[in-house]
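Subject: Structure for you to look at

Hello,

Here is the structure I said I would pass on. My notes follow below it.

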Amino acid sequence: MTARADFDEAMLDQAIAWQAALEHDDADWDGYLAWLEANPRHREAFDSIALVDAVVREHRDVLIHEPSPPVAEIDPRHRWKPRLVMGGALAACLTLAVALPTFWQTSRPIAYNNEGSAPRMITLASGTSVTLSPGSAILVSAKNDGQIELAKGEAYFDVRHDPSRVLTVSAGNYRVTDIGTRFSVNLANSALRVGVAQGAVSVAGAQTASAVRVDAGHQLVGKDGLLTLSTVEPSQVGSWRSGRLTYTNAPLAMVAGDIERYSGKKISVDSALENKHFSGILVIGDGSKLASDLAAVMGLEVRQQGDLVHIAAGR
């Protein structure tokens, strides 16, 4: 297999920018996935940059001692942009990026998306079963499928009990750790919800002093650094798999995020409703009536303009 290296300058700039951005905890995974899907060459460009980065890190000591290349005089008539300056060792790294594409293919995270209208089930090599709700995506470490990133949406995990293996699900600024259970993780509008149907999980946040244990029949909601633990019927956890969205004291922003995924319309919530919570059941159907059903139950008002739906306080 031969890697193509005829990427244009703009594409490489974008790949370099995404490589740097994804190292941050608040990385824009939605934007990254959209960029990948926009052009098949984007993944090739990103993989080439990521492979160079990995090889450079591995051979860092060699690069530190690499003599600086001679400085060439720049013709002021030519436009110049700062780029990577390559000595012999770094040039060798780039050669590896072209000659060994399969190296990165075996180490980069594997992306699973659900762009359909029905739940999608995935079985990982370890035996863990993951069901993705529509409009959701996860990234699974190629080296260890026990390391999963929920990039967007909601996923239901059915984990085979094995004390020697630990599953960790990262979602935004939170980490959910488990050794064998059934639970769901929802990430919508920076709000997290973890519901446990069987077993127990541990949830830690970037702004929390210690991890919180969540047992079966309980859910944890995280928003703005605050974690709230409450009870929930185990049968309600992951109820979207059977066509129902079930909520117990869920932030309205999270409910709006779910409706957005199922309806395909942009949902906004009036700032006056930011602290509102919702408990109840919404029938998914084709997703078109979710916003109006929510408004009817809560006494709110829905204003629609094209693909934008705004939920406001009732008059």
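To begin with a charge over a ring: R241 lies over the face of Y156, at 3.6 Å from the ring centre. Please keep in mind that this is a predicted model.

Next, the aromatic pairs. The count comes to 3, and two of them are described here.

The rings of W18 and W35 are tilted, because their centres are 6.4 Å apart and their planes stand at 35°, while under 30 degrees would count as stacked and over 60 as edge-to-face. W18 belongs to helix α1 (residues 9-21) and W35 to helix α2 (residues 29-38), so this pair ties together parts that lie 17 residues apart in sequence. Both W18 and W35 are buried.

F157 and F183 make a stacked pair, because the ring centres are 5.1 Å apart and the planes are at 20°. This pair also links distant parts of the chain, with F157 in strand β5 and F183 in strand β8 (residues 182-188), 26 residues apart. F157 is buried, as is F183.

The last item is D145, found in the loop between β4 (136-140) and β5 (147-158). Is D145 buried or exposed? D145 counts as buried because its relative accessibility is 13%, and the cut-off for buried is under 20%. The side chain of D145 has a polar contact of 2.7 Å with the side chain of R165. A polar atom of the D145 side chain also lies 3.0 Å from the backbone nitrogen of S126. Beyond its neighbours within four places in sequence, D145 is in contact with residues including L124, A125, V140 and L167.

Regards

Technical notes
Residues numbered from 1 in each chain as written. Predicted model: local features only at pLDDT ≥ 70, side-chain atom pairs only at ≥ 80, totals over all residues. Heavy atoms only, no water. Helix = DSSP H or I, 4+ residues; strand = E, 2+ residues; numbered from the N terminus. Buried < 20%, exposed > 50% of the residue type's maximum accessible area, 1.4 Å probe, protein only. Polar contact = N/O pair within 3.5 Å; in protein donor to acceptor, adjacent residues only side chain to side chain. Contact = heavy atoms within 4.5 Å. Phe/Tyr/Trp six-rings, centres within 6.5 Å; stacked < 30°, edge-to-face > 60°. Lys NZ or Arg CZ within 6 Å of the ring centre and 35° of its normal.
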